[in-house]
Amino acid sequence: MRFHERVLPPLPLFALYCALAGSFGLILVPLSAGVATVVAATLAALAGLFLYATSPVIEVEDGWLRAGGAQIEGRFLGELEVLDREEMRDAMGPGADLRAYTAYRDHTARGIRVRLVDPRDPAPYWLLSSRNPEELAEAVGAIRVGS
């Protein structure tokens, strides 16, 4: 089983960030409307590229789970749970373990928690945001059981 997801902000929020960045070009309108337009378009495009580049990618493939800049082999994955909005809020707030690895985005309200069984790893679990946590859990479960 394969899973791939880039955890981008929702389209309205993405557009708002780009528009906000582009609005800084309005400062240059008194100097030149043409320059202001070019600067605004450039800032909006750069904001979009930044949001895309900094959005974590979650991938399950070839017996590995990759999230953000980290990866772990399926045989080191233990208990798995799908978290709804309230459970995710608790996992990132009062119920958080600061040693845990997180690939979390607040605009994505649901996700999964995967406990680790590697005694050498200081992280007790991985907490991952996902728009499709059930599908992600199924893919992670397949590499966990298959390892």
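These legends walk through a few close-up views of a predicted model. Local features were taken where pLDDT is at least 70, side-chain atom pairs count only at pLDDT 80 or more, and totals for chains, interfaces and linings use all residues. Residues are numbered from 1 along each chain as its sequence is written, and side-chain values use heavy atoms, with hydrogens and water left out.

View 1. Helices (H or I, at least four residues) and strands (E, at least two) are DSSP runs, numbered from the N terminus. The 22 residues of α2 (residues 33–54) should span 32 Å at 1.5 Å a residue, and the end C-alpha atoms are 31 Å apart, which agrees. That expected span is 1.5 Å times one less than the number of residues. Look for A36, A40, A44, A47, G48 and L51, which are buried; buried means under 20% relative accessible area, exposed over 50%, and partly exposed in between (1.4 Å probe, protein chains only). Seen down the axis of α2, these buried residues fall within an arc of 100 degrees, so they line one face of the helix. The arc is that of the directions from the helix axis to the C-beta atoms. An α-helix has 3.6 residues a turn, so residues three or four places apart point the same way. Over on the other side of α2, V38, L49, F50 and A53 are exposed.

**View 2. Helix α1 packs against α2.** The buried residues of α2 pack against α1 (11–23), and what covers the buried residues of α1 includes α2; contact here means heavy atoms within 4.5 Å. With 13 residues, α1 reaches 18 Å from its first C-alpha to its last, close to the 18 Å expected at 1.5 Å a residue. Its buried residues are C18, A21 and G22. They cover an arc of only 100 degrees around the axis, which puts them on the same side of α1. Turned away from that buried side is a face with the exposed residues P12, L16 and L20.

**View 3. Y101 and W126 make the one aromatic pair in the structure.** Their rings are tilted, at 4.8 Å centre to centre and 50 degrees between the planes. For the cut-offs, rings of Phe, Tyr and Trp (its six-membered ring) pair if their centres lie within 6.5 Å; planes under 30 degrees apart count as stacked, over 60 as edge-to-face and the rest as tilted. The pair links distant parts of the chain, with Y101 in strand β6 (residues 101–103) and W126 in strand β8, 25 residues apart. Y101 counts as partly exposed because its relative accessibility is 22%, while W126, at 4%, counts as buried.

View 4. At 0% relative accessibility, S129 counts as buried. The S129 side chain reaches the backbone nitrogen of R105 at 2.9 Å. Leaving aside neighbours within four places in sequence, the residues in contact with S129 include V7, I58, M88 and T108.

**View 5. Two arginines sit over tyrosine rings.** The charged end of R6 is over the ring of Y52, 4.1 Å from its centre. R113 has its charged end over the ring of Y125, 5.3 Å from the centre. A charge sits over a ring if NZ of Lys or CZ of Arg is within 6 Å of the ring centre and within 35 degrees of the ring normal.

Notes:
A polar contact is a pair of N or O atoms within 3.5 Å; within protein, one must be able to donate a hydrogen and the other to accept it, and residues adjacent in sequence count only if both atoms are side-chain atoms.
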